[in-house]
Amino acid sequence: MKNTAQLEDLMLRYGLRRRDVAELLGKPLNSAGGYSNSTVDRWLSGRNQIPDMALELLEMKLADREGRPDPWQRLIRQTLEYRDQRELEADLASVLESIAGGELPRTPKSSRPLALQRAGYLLELIAQLGGPRFKPQRDQLLNEAARLQERLNERTEPGPLRSGDEVRGETMDDLARKWKLTKGADIRRFRQLALTGHV
């Protein structure tokens, strides 16, 4: 899964579509001898691993390109673990700023269950604890969270809000339990981030 995580991280960091990946590798999608959508999909799903040489070539071609990371996608997908809490909070602060400006984050239909769980939890948390700053978006946030809840099935596996978190015992966070997260946000730090934009 290491190559899969690295491919997904590169796509997130540089805003790449499947077509972009194929073109950078010199194999335009759906052309004779090229990769198909399903080839890149299989790499992303982990059913097939992207070859080491293809991953190295992709990294070389992107070396001089400026990254265009999407903080929301990094928050909910976390293909590579955040090094620390502050790195996660930097992405969350950027998302909060966008929402306060009236731009609701989008969660792709292709998202895995854990990404949907994190997205729903964060949207509801912002709606409930964001204070006056997010009052105009409250209904939109809750409606989007409810829509994500409908896409999850009852067999959803529990997982952490922050990838790599060790969990001891059941979480006391009711909202995290609702979204089947084994651990939620640090509420004190979250409130301060929502109110001031930094912790």
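Tutor: Contact here means heavy atoms within 4.5 Å. The model is a predicted one, and Glu157 touches Gln117 and Lys180 in it, not counting residues up to four places away in sequence.

Student: Where does Glu157 lie?

Tutor: Glu157 is in the loop between helix H8 (138-151) and strand E1 (159-160).

Student: What makes Glu157 exposed?

Tutor: The relative accessible area of Glu157 is 59%. Exposed means over 50%, so Glu157 is exposed.

Student: How far apart are Glu157 and Gln117 in sequence and in space?

Tutor: They are 40 residues apart in sequence, and 9.7 Å apart in space, C-alpha to C-alpha. The contact between Glu157 and Gln117 rests on heavy atoms within 4.5 Å, whereas the 9.7 Å runs from C-alpha to C-alpha.

Student: What is the phi of Lys180?

Tutor: Lys180 has a positive phi of about 55° and is not a glycine. Most residues other than glycine have a negative phi. Gln78 also has a positive phi, near 45°, and is a residue other than glycine.

Student: Is Gln78 buried or exposed?

Tutor: Gln78 has 5% relative accessibility. The cut-off for buried is under 20%, so Gln78 counts as buried. The residue lies in the loop between H5 and H6.

Student: Why is Gln73 called buried?

Tutor: The relative accessible area of Gln73 is 6%. Buried means under 20%, so Gln73 is buried. Gln73 belongs to helix H5. Leaving aside neighbours within four places in sequence, Gln73 is in contact with Leu12, Gln78, Arg106 and Pro108.

Student: How much space lies in the largest pocket?

Tutor: The largest pocket holds about 1,000 Å³ of space. It is lined by 36 residues, and Glu8, Leu12, Gln73, Arg77 and Pro108 are the closest to its centre. Helix H1 (2-14), helix H3 (37-45), helix H5 (71-77), helix H6 (85-100) and helix H7 (113-129) each give two or more residues to that lining.

Student: How do the residues of that lining divide?

Tutor: The lining of the largest pocket has 15 nonpolar, 10 polar and 11 charged residues.

Student: Which residues lie nearest the centre of the second largest pocket?

Tutor: They are Gln85, Leu161, Gly184, Ala185 and Asp186, out of 15 lining residues. H6 and helix H10 (187-196) are the elements that give two or more residues to the lining. H6 supplies the largest share, 4 residues. The second largest pocket has about 220 Å³ of space, and its lining divides into 7 nonpolar, 2 polar and 6 charged residues.

Student: Which residues of H10 are buried?

Tutor: Arg189, Phe190, Leu193 and Ala194 are buried in H10.

Student: How do you know that these buried residues line one face of the helix?

Tutor: Seen down the axis of H10, the buried residues fall within an arc of 130°, so they line one face. They pack against H6 and H7. Arg188 and Leu195 are exposed on the other side of H10.

Student: What is found at the start of H10?

Tutor: A side-chain oxygen of Asp186 comes to within 3.2 Å of the backbone nitrogen of Arg188 there. A polar contact needs a pair of N or O atoms within 3.5 Å, and the pair in question lies within 3.2 Å. Following H10 is Gly197, with a positive phi near 90°.

Student: Why does Pro105 count as buried?

Tutor: Pro105 has 12% relative accessibility. Buried means under 20%, so Pro105 counts as buried. Pro105 is in the loop between H6 and H7. Neighbours within four places in sequence aside, Pro105 is in contact with Trp72, Val95, Ile99 and Leu123.

Student: What makes Arg155 exposed?

Tutor: Arg155 has a relative accessible area of 71%. Exposed means over 50%, so Arg155 is exposed. Arg155 is in the loop between H8 and E1.

Terms used:
Residues numbered from 1 in each chain as written. Predicted model: local features only at pLDDT ≥ 70, side-chain atom pairs only at ≥ 80, totals over all residues. Heavy atoms only, no water. 1 Å grid on protein atoms, 1.4 Å probe; cavity = no way out; pocket = protein on both sides within 12 Å on 5 of 7 lines; lining within 4 Å. Points joined across faces, edges and corners; volume = space filled by probe spheres on them. Nonpolar A, V, L, I, M, F, W, Y, C, P; charged D, E, K, R; others polar. Buried < 20%, exposed > 50% of the residue type's maximum accessible area, 1.4 Å probe, protein only. Arc of directions from axis to C-beta. Polar contact = N/O pair within 3.5 Å; in protein donor to acceptor, adjacent residues only side chain to side chain.
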